[in-house]
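Take a first walk through this structure, one stop at a time. Keep the sequence and the 3D view side by side.

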Amino acid sequence: MAIVDRVSDELKQAMRAQNKDRITGLRQIRAAFIEAMKVDGAETLADDKAEEVLRRLAKQRRESIEAYEAGGRQDLADQEKAELAVVEGFLPQLADEETTRAWVDAAIAETGATTPRDMGKVMSALMAGHKSELDGKLASRLVKERLQG
């Protein structure tokens, strides 16, 4: 079943169960999907596009959590955490550090990168081969470590 359809089905179930936190998170996901469909003029959203939307929503939630915690608003941070959990429930698992490290080594060897200035080439190679499986922050940190020495 497509991600868009799963979100709609789970929204119906959450409404029947009257799970307010889950309803809020699913409605926001669905709204983001509808917005993405309007941009493309499409009737539905392919899973890869849906994953991009979900990753963007997850990133926004993480940034909001940090801002709320820094501002002392734990109540709002907790709400964002609940919404993040809903979003992450639809995302595929990202590769662990060990796997990412192996991909980084392979990308460095493939591109012939030797200095930190070559980081863009390495990141491009990584994203081309593993975009949906890769945690960009982790990959960036590992590439910097490898190229600096």
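Buried means under 20% relative accessible area, exposed means over 50%, and partly exposed lies in between, using a 1.4 Å probe and protein chains only. This is a predicted model, where local features need pLDDT of at least 70, side-chain atom pairs count only at pLDDT 80 or more, and totals for chains, interfaces and linings use all residues. Residues are numbered from 1 along each chain as its sequence is written, and side-chain values use heavy atoms, with hydrogens and water left out.

Start with glutamate 80. It sits in helix H4, residues 74–88. Helices here are DSSP runs of H or I with at least four residues, numbered from the N terminus. Glutamate 80 has 12% relative accessibility, so it counts as buried. It touches Arg61, Ser64, Ile65 and Tyr68, leaving aside residues up to four places away in sequence. A contact means heavy atoms within 4.5 Å.

Now turn to arginine 61. Its place is helix H3, residues 47–70. Arginine 61 is buried because its relative accessible area is 10%. Residues up to four places away in sequence aside, arginine 61 touches Gln28, Glu80, Glu83 and Leu84. With glutamate 83 there is also a side-chain to side-chain polar contact at 3.1 Å. A polar contact is a pair of N or O atoms within 3.5 Å; within protein, one must be able to donate a hydrogen and the other to accept it, and residues adjacent in sequence count only if both atoms are side-chain atoms.

Next comes helix H1. Arginine 16 lies in H1, residues 3–17. Its relative accessibility is 66%, so arginine 16 is exposed. From arginine 16 to glutamate 51 is 35 residues in sequence and 26 Å in space, C-alpha to C-alpha. Alanine 17 also belongs to H1. It is exposed because its relative accessibility is 58%. Alanine 17 and arginine 101 are 84 residues apart along the chain, and their C-alpha atoms are 42 Å apart.

Last, look at a helix pair. How do H6 and H7 cross? The axes of H6 (residues 119–130) and H7 (residues 136–148) come within 10 Å and cross at roughly 140°. That makes H6 oblique to H7. Axes are lines fitted to C-alpha atoms, for helices over the stretch in contact, and angles run from 0 to 180 degrees between N-to-C directions. Under 35 degrees counts as roughly parallel, over 145 as roughly antiparallel, 65 to 115 as roughly perpendicular, and the rest as oblique.

Technical notes:
Helix = DSSP H or I, 4+ residues; strand = E, 2+ residues; numbered from the N terminus.
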